[in-house]
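Visitor: I would like to learn how to read a few features of a protein model. Please show me the model, and then we can go through them in turn.

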Amino acid sequence: MGGGLPSGDAPYNRTALVDVLLHIVRHYNEGWGGDVAGAGAARYFEVWNEPDSALNDGRFWNRSAAEFYDLVDETTRAIKAYDGALRVGAPGVANALSPADNPYSFGLISELGTRGTPIDFFSWHCYSDNSSLYVDMATRVRAALDAAFPTRTIASHVTEFFPYVLYYKQDAAEGAAAFATTLLELVRSGVSLAVAYPLCSSGENRTNGTGWGLFDEESQPGEALWRRLTHGLAMFGVLAQEAPALLPTDYTSPREDGVAVLAGKSSGAVLARSSEAGSSEAGSSAATLLRVLVSSQASQQSSVAVALRGLVPNSTWQFTVEVVDDPGGVAPTERAGGVAAASVDGRLNVTFALPPPAVALVRLRCLLCAAEAR
C-alpha cells in the first residue's frame, strides 16, 4: 500500500492517511465500501512501495525517513489492532544495499526494532541474473532482522524480482537457468516469499509485439505459450509442491562452479532414523519420493554429480532426469535415468550430463526402503 504524496513542502495529515490505509485493508478483508469478490482472502499487506525513491526522484515518497518510520509504525499497529492475524510488513525497498546507509532498508529495520513495531516481514526488490547479489542481499537482510528483533523471527520477502535479461534470453535456456538459480538461492538464503515481476532490460520490446515475461509473444487469450524460463519456474514448482521438506546435499553454492542444487522429500519420504528422536520407524516406501532441481547457469563442467545425504542405508532408488536447454526444445525432455543405491551411510550419488545453460529436474522413487534394506 503506498504511492505519491503532495509536494514535499505541502503538509499532510498522517493520522488521516493511516486511517485511509486501514480502510483499504477493511475493503479487501471484509468488503467495506462495497462488495469485493473473495473478501477476506488477502492476508498479507505491504506498507508502501520503494520509499527509497526519495533518494532519487521522489516518485513514491517525498518526505523524510523519520516521517516514513512513523507512518510504517502507526499503520502496522492500526492493522494489527483491527485483525492481529493479518500479516503486515514494509516497505518493498528498491535497493537494500545502495547506498550503504539507505535509511529505508537497514535504517528502517533498526528503527522498527527499537520501537517494537509488530511487523511480520521486511520486503525488498531486486532485478538481476546475478544470483550472488540475491544471496548477499538476503544474507544481510536476515542478519539485520535478527539483530533488530532478537526475540522474534521476522520474515524476509522479495516482493519484486526477475532475471534482468534481454527478452531473447528469456526465451532461451539462459533465462531458465537464471530464473531457477535465483529461486534456489532465495530458498537457501532464508527468503520465505518471492514474487516474480516480469521485466525486460531498459524496457526493450514491451510495446513492439515481441513480448517479455513468463509467456511467449504469440500467446492468445485462453492459450498461454510457455518459454523455457516458464518451464524452469514450473520445475521449481514440482519440487516445492511434491517434495517440500529439504534434504541435505553436497552442493552448497553456485559461486563455486555455476551450479545450484536444491533437493526435497515428500512428507512420507523414508529417511534414516534419528538417534536423537529414538525412533526405529523407517516409514512407508509407498510414499517415498525425492525431487532434485539442478540449475547450471555458467558452469565450466558438462556434467553434474549430486550427492544426497540422510537416506535409508542401502536403499535402492529409480530416477529420471528431465532437462530444459537450448538443443532440446522449449519443453523439458527426459535425458537420463536408471537405478542407484544408497551407501551404508545413507548417501546417494546421481550423475548426469548437463552442459550449461540448462535446468534439470531429477525425480526419484524408492524401490527398496523396507527395514531389511538397512
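Visitor: Which residue of strand 4 stands opposite F122?
Guide: F122 has S156 of strand 4 opposite it. Strands here are DSSP runs of E with at least two residues, helices are runs of H or I with at least four, and both are numbered from the N terminus. The model is predicted, so local features need pLDDT of at least 70 and side-chain atom pairs count only at pLDDT 80 or more, while totals for chains, interfaces and linings use all residues. Residues are numbered from 1 along each chain as its sequence is written, and side-chain values use heavy atoms, with hydrogens and water left out.

Visitor: How many bridges join strand 3 to strand 4?
Guide: Two strands pair if DSSP finds at least two bridges between them. Strand 3 (residues 121-127) and strand 4 (residues 155-162) run parallel and are joined by seven bridges.

Visitor: In what order do the strands form the sheet?
Guide: The open sheet has five strands in the order 1-2-3-4-5, with parallel pairing. Strand 1 (44-46) and strand 5 (193-196) each have a single partner strand, so one side of each edge strand lacks a neighbour in the sheet.

Visitor: How are two packed helices described?
Guide: By the angle between their axes and the distance between the axes. Axes are lines fitted to C-alpha atoms, for helices over the stretch in contact, and angles run from 0 to 180 degrees between N-to-C directions. Helix 4 (residues 131-148) and helix 6 (residues 173-188) have axes that come within 9 Å and cross at roughly 20 degrees. Helix 4 is therefore roughly parallel to helix 6; angles under 35 degrees count as roughly parallel, over 145 as roughly antiparallel, 65 to 115 as roughly perpendicular and the rest as oblique.

Visitor: Which residues of helix 4 meet helix 6?
Guide: S131, Y134 and V135 of helix 4 meet T181, T182, E185 and L186 of helix 6, where contact means heavy atoms within 4.5 Å.

Visitor: How is a pair of aromatic rings described?
Guide: By the distance of the centres and the angle of the planes. Rings of Phe, Tyr and Trp (its six-membered ring) pair if their centres lie within 6.5 Å; planes under 30 degrees apart count as stacked, over 60 as edge-to-face and the rest as tilted. This structure holds eight aromatic pairs. In one of them, W48 and W61 have ring centres 5.5 Å apart and planes at 90 degrees, so the pair is edge-to-face. Both W48 and W61 lie in the loop between strand 1 and helix 2, so the pair ties together parts that are 13 residues apart in sequence.
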